[in-house]
Amino acid sequence: MLVQASQGQSGSAHVVVLGNEKGGSGKSTTALHIAVALLKAGQRVASIDLDCRQQSFTRYIGNRQAWARRSGLDLELPAHHCIKYGETMQIEENENAEFQQFMEAVSAVERAYDFIVIDTPGSDSYLMRLAHSMADTLVTPINDSFLDFDVLGTVDPATYAVIGESHYA
Ligand SMILES: Nc1ncnc2c1ncn2[C@@H]1O[C@H](COP(=O)(O)OP(=O)(O)O)[C@@H](O)[C@H]1O
Ligand SMILES: [Mg+2]
């Protein structure tokens with residue numbers, strides 16, 4: 001797992017973004033684990049799902065909530081938001097709607113929470129780029145495979161030296 005950290009802005013939540021332009025690398029699973037670990041460490045945690053089509057992160061949280069209700073356990077849960085994609089034929093209108101929802105979700109939680117954990121889709125999109133631009137910490141899970149590494153960098157097949165950046169990098 002590659003983790004790149006930088007300073008959070010003072011007075012506002014530290015933004016943790018899970019990103020990798022590779023489906024199935026473990027972003028949503030890791031997002032849930034990070035959110036729960038931070039909650040268990042006593043932090044105030046909000047979460048945002050930007051993978052509005054798949055919604056794995058949202059379902060993980062929904063299932064945890066349902067299990068808590070059913071079992072009577074007091075399980076920690078983040079304050080969760082799921083952002084919907086714009087569905088008009090106009091790209092600009094869609095991006096405006098997505099920006100609006102995303103910024104509303106961020107402003108609703110950035111002062112009252114210590115961390116915002118954001119899960120992103122495994123494809124290049126406006127919302128995915130917007131989230132990356134706000135990351136204080138970017139977590140990129142990768143599988144132990146050259147196919148997975150290929151999304152991040154190009155490797156010399158003989159020496160294994162990194163000889164270039166790939167599209168996600
Ligand atoms: N650390 C891990 N070890 C083993 N399997 C994992 C791990 N993290 C995720 N998985 C599995 O890999 C698959 C893809 O995980 P997911 O979190 O949906 O990836 P992504 O959000 O990047 O598409 C799922 O079947 C999940 O259960
Ligand atoms: Mg996912």
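Biologist: How far is an oxygen atom of ligand 1 from a polar backbone atom of Ser25?

Modeller: An oxygen atom of ligand 1 lies 3.1 Å from a polar backbone atom of Ser25, where a polar contact is a pair of N or O atoms within 3.5 Å. This is a predicted model, in which local features need pLDDT of at least 70, side-chain atom pairs count only at pLDDT 80 or more, and totals for chains, interfaces and linings use all residues. Residues are numbered from 1 along each chain as its sequence is written, ligands are numbered from 1 in the order in which they are written, and side-chain values use heavy atoms, without hydrogens and water.

Biologist: Which residues are around ligand 1, and how much of the ligand does the protein bury?

Modeller: A residue is near a molecule if one of its heavy atoms lies within 4 Å of it, and around ligand 1 these are Gly23, Gly24, Ser25, Gly26, Lys27, Ser28 and Thr29. An oxygen atom of ligand 1 is also 2.7 Å from a polar backbone atom of Gly24, and one is 3.0 Å from a polar backbone atom of Gly26. Taken alone, ligand 1 exposes 570 Å², of which the protein buries 45%, with accessible areas from the Shrake-Rupley method and a 1.4 Å probe.

Biologist: How many of the residues of the protein count as buried?

Modeller: Buried means under 20% relative accessible area, and 40% of the 169 residues of the protein fall in that class. The protein exposes about 9700 Å², with carbon and sulfur atoms supplying 51% of it.

Key: A polar contact is a pair of N or O atoms within 3.5 Å; within protein, one must be able to donate a hydrogen and the other to accept it, and residues adjacent in sequence count only if both atoms are side-chain atoms. Buried means under 20% relative accessible area, exposed over 50%, partly exposed in between (1.4 Å probe, protein chains only).
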